[in-house]
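Student: I would like to learn how to read a structural model feature by feature. Can we take one and work through it?

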Amino acid sequence: MATVLLVEDDHVVRGAMLRSLTDRGHAVHAVGTALDALRRVAAEAPDLVVLDLGLPDLDGSDALRMLRGITDVPIIIATARDDEQSVVRLLRAGADDYMVKPFTGAHLDARITTVLRRAGRASRTVAPAVHTVGGLKVDVGERSAQLDGASLALTRKEFDLLAYLAARPGRVVSRRELLEEVWRQPSVGEDQTIDVHLYWLRRKMGESAAKPRYLRTVRGVGFRLVAPD
């Protein structure tokens, strides 16, 4: 069973999808606007989001980018747009999968299972280990991180990013490598995903790009994690 946030403004479609997923054992929360989706994701951290693009307050593609700024939970796009350019743009913006309307509840359930299985497999690509860099301790097996003895509340992708850098202390890691190894997506086109996640990671670690301690930007090359001087 997964906890699914369903973002769909059509109350008839929303009700049908909610009943179908609930009957299949999922815990489903449904909202009808992008703003409500952002609030629920920030407050409750669902296992997966099903995001309609035709929302009344914000275009779904913009909602996707905003969601990716605060969470790394898998997102399945539900859309009537089936042209290749739209699909590619959505996947590059951070969607994990997409479905073209109309679709059945069984099809959606199968996609949810596949996406969650894929996300779980990606989280295990780093061998269990404990990395210590200065006062930073990253336990990959327990998926926990501490800074100077205090726990860091990280999203799944923030942790994956930190763990990847912590396993390579002092080494400059390129954007291309991070996209391919942490996000598991081709390094094609301009992508702000890394910058957004680094911004929040730095905030949680009490630093900034202007005043870095652990996370250093090597302009034009990539990033590295080092112990403070």
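**A polar contact and its surroundings**

Tutor: Start with a pair of side chains: those of Asp97 and Arg111 make a polar contact at 3.1 Å. A polar contact is a pair of N or O atoms within 3.5 Å; within protein, one must be able to donate a hydrogen and the other to accept it, and residues adjacent in sequence count only if both atoms are side-chain atoms. This is a predicted model, in which local features need pLDDT of at least 70 and side-chain atom pairs count only at pLDDT 80 or more, while totals for chains, interfaces and linings use all residues. Residues are numbered from 1 along each chain as its sequence is written, and side-chain values use heavy atoms, with hydrogens and water left out.

Student: Where is Asp97 placed, and why does Asp97 count as buried or exposed?

Tutor: Helices (H or I, at least four residues) and strands (E, at least two) are DSSP runs, numbered from the N terminus. Asp97 belongs to strand S5, residues 97–100. Buried means under 20% relative accessible area, exposed over 50%, and partly exposed in between, with a 1.4 Å probe and protein chains only. Asp97 is buried because its relative accessible area is 14%.

Student: Which residues is Asp97 in contact with?

Tutor: Contact means heavy atoms within 4.5 Å. Leaving aside neighbours within four places in sequence, Asp97 is in contact with Ile75, Ile76, Ile77, Leu91, Arg111, Val115 and Arg118.

Student: How should I read a database annotation, such as the one at Asp52?

Tutor: UniProt positions are given in the numbering used here, feature names are shortened, and annotations may be inferred rather than shown by experiment. The unreviewed UniProt entry places "modified residue: 4-aspartylphosphate" at Asp52. In the model, Asp52 is in strand S3, residues 48–52, and counts as buried because its relative accessibility is 6%. A polar atom of the Asp52 side chain lies 3.5 Å from the backbone nitrogen of Gly54. Beyond four places in sequence, the contacts of Asp52 include Glu8, Asp9 and Lys101.

Student: What does a helix description tell me?

Tutor: The expected span of a helix is 1.5 Å times one less than its number of residues. Helix H1, residues 11–23, has 13 residues and reaches 18 Å from first C-alpha to last, close to the 18 Å expected. Just after H1, Gly25 has a positive phi of about 95°.

Student: Which residues of H1 are buried?

Tutor: They are Gly15, Met17, Ser20 and Leu21. Met17 and Leu21 are also among the residues touched by Leu108, not counting those up to four places away in sequence. Leu108 sits in helix H5, residues 105–122, and is buried because its relative accessibility is 2%.

Student: How is the chain divided?

Tutor: Domain bounds come from an automatic or database domain assignment. Here they give domain 1 (3–122) and domain 2 (130–225), with C-alpha centres 26 Å apart. Ten residues of domain 1 are in contact with ten residues of domain 2. Buried area is the accessible area (1.4 Å probe) that two parts lose on being put together, summed over both. Between domain 1 and domain 2 it is about 830 Å², with carbon and sulfur atoms giving 43%.
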